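Work through the two exercises below with the model in view. Each task is followed by a solution in steps.

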Amino acid sequence: MAGTGTSHLRSADDALLRVEDLVVEFPVSGGRTVHAVSGISFDLLEGETLGLVGESGCGKSSSGRAILQLRPPTSGSVRLEGVELTELDHRELRRMRTRLQMVFQDPISSLNPRRRVRDIVAEGLDIWGRPDDADQRIDDTLRAVGLDPDVVGDRRPHEFSGGQCQRISIARALIMDPQVLVCDEPVSALDVSVQAQILNLLHDMRGRFGLTMIFIAHDLSVVNHIADRVMVMYLGKVCEVAAPGDLFRNPHHPYTELLISSIPKPDPRVGRSDPLPPGEMPSPTDPPGGCRFRTRCPHATDRCANEEPALVEISTGRHVACHHPLP
Ligand SMILES: Nc1ncnc2c1ncn2[C@@H]1O[C@H](COP(=O)(O)OP(=O)(O)O)[C@@H](O)[C@H]1O
Ligand code: SF4
Ligand SMILES: [Mg+2]
């Protein structure tokens, strides 16, 4: 797969966030370059949740970080309400960043172990000097994520489970009243038994805080219930964009089909595992020419080796980057 194209972008006026031709590359030893993200484009309408899905190493976290300018992209455009984030200076970016928050995969290591929960949650507020109503906001936000401020406020992260730490990091993001929340595999590191609780919490918060979200997961089944649209990525490129129901019922891209077939069947005895789709992803320092998925694709032809498939709309709201899409 591995398409480039902007046909899935809607009219520019509609988008709260618009990402165009985002490229993230990392120079590594031997003069080589990791092509982590190779020209992805998408837009987000206010209140929408976009699921970003693909197996480990396909560039999901690099995309999330580049959108928030935590690590500026190599090239490309990221606009929030028309403001080009890649061109902001340090001070403007700090101000803008309060509107874009991120929840990370590993809740425990993303929290400062020496700080009390109240101070962790207030981290973003402190950048501008703690406001007069900070204590009230901290209490309200902790309650919103299901934690009792009187019980947890003065404790430190090591006293909590992974699920509770993720609640704390969600509170830290929400207290800033962000417009866009990027959740980077927020439940992958959690016990199976608490994954659904955190997913439900994020679902509730989305309605309550009017959030627009990018929800990153390696497993399609995780985004199925929370995303309005899903973007499937492989080796730094977009394969397919569609509503989750359409994607599950009728995947058009061979890689999407592979991802669906690799979803573990629920087995109450063993809990969830994360099997990889068969075959190995090529090195991102030397991605295949033409379609990047061709080395694992059962439908590959000569054309796939020679010509990169563009991301095109093959039916209303369905965009696929494949020379031979599944019917
Ligand atoms: N700081 C870095 N330096 C070099 N390579 C990196 C760096 N960060 C990520 N990568 C590489 O970029 C690719 C995409 O990584 P990542 O965005 O973390 O993928 P995902 O989140 O989908 O697992 C991977 O091959 C990863 O090893
Ligand atoms: S059929 Fe060709 S273009 Fe489509 S995913 Fe397979 S290799 Fe890529
Ligand atoms: Mg990641």
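**Exercise 1: a pair of helices**

Helix 7 and helix 8 cross in a right-handed way (the near helix is turned clockwise from the far one by less than a right angle). The model is predicted, with local features needing pLDDT of at least 70 and side-chain atom pairs pLDDT 80 or more, while totals for chains, interfaces and linings use all residues. Residues are numbered from 1 along each chain as written, chains are lettered from A and ligands numbered from 1 in written order, and side-chain values use heavy atoms, without hydrogens and water.

Task: find which residues make the contact of helix 7 with helix 8, and how the axes lie.

Solution.
1. Contact (heavy atoms within 4.5 Å) involves G163, Q166, R167, I170 and L174 of helix 7, and V194, Q197, I198, L201, L202 and M205 of helix 8.
2. The axes come within 10 Å and cross at roughly 15°.
3. Helix 7 and helix 8 are therefore roughly parallel (angles under 35 degrees).

**Exercise 2: a pocket**

Task: describe the second largest pocket by its volume and lining.

Solution.
1. A pocket is an open set of points on a 1 Å grid where a 1.4 Å probe fits, with protein on both sides within 12 Å along at least five of seven lines; lining residues have an atom within 4 Å of a point.
2. The second largest pocket holds about 360 Å³ of space.
3. Its lining has 15 residues, with R97, L100, Q101, G124 and I127 nearest the centre.
4. Strand 6 gives the largest share of this lining, three residues.

Terms used. Points joined across faces, edges and corners; volume = space filled by probe spheres on them. Helix = DSSP H or I, 4+ residues; strand = E, 2+ residues; numbered from the N terminus. Axes fitted to C-alpha atoms, helices over the stretch in contact; angles between N-to-C directions. Parallel < 35°, antiparallel > 145°, perpendicular 65-115°, else oblique.
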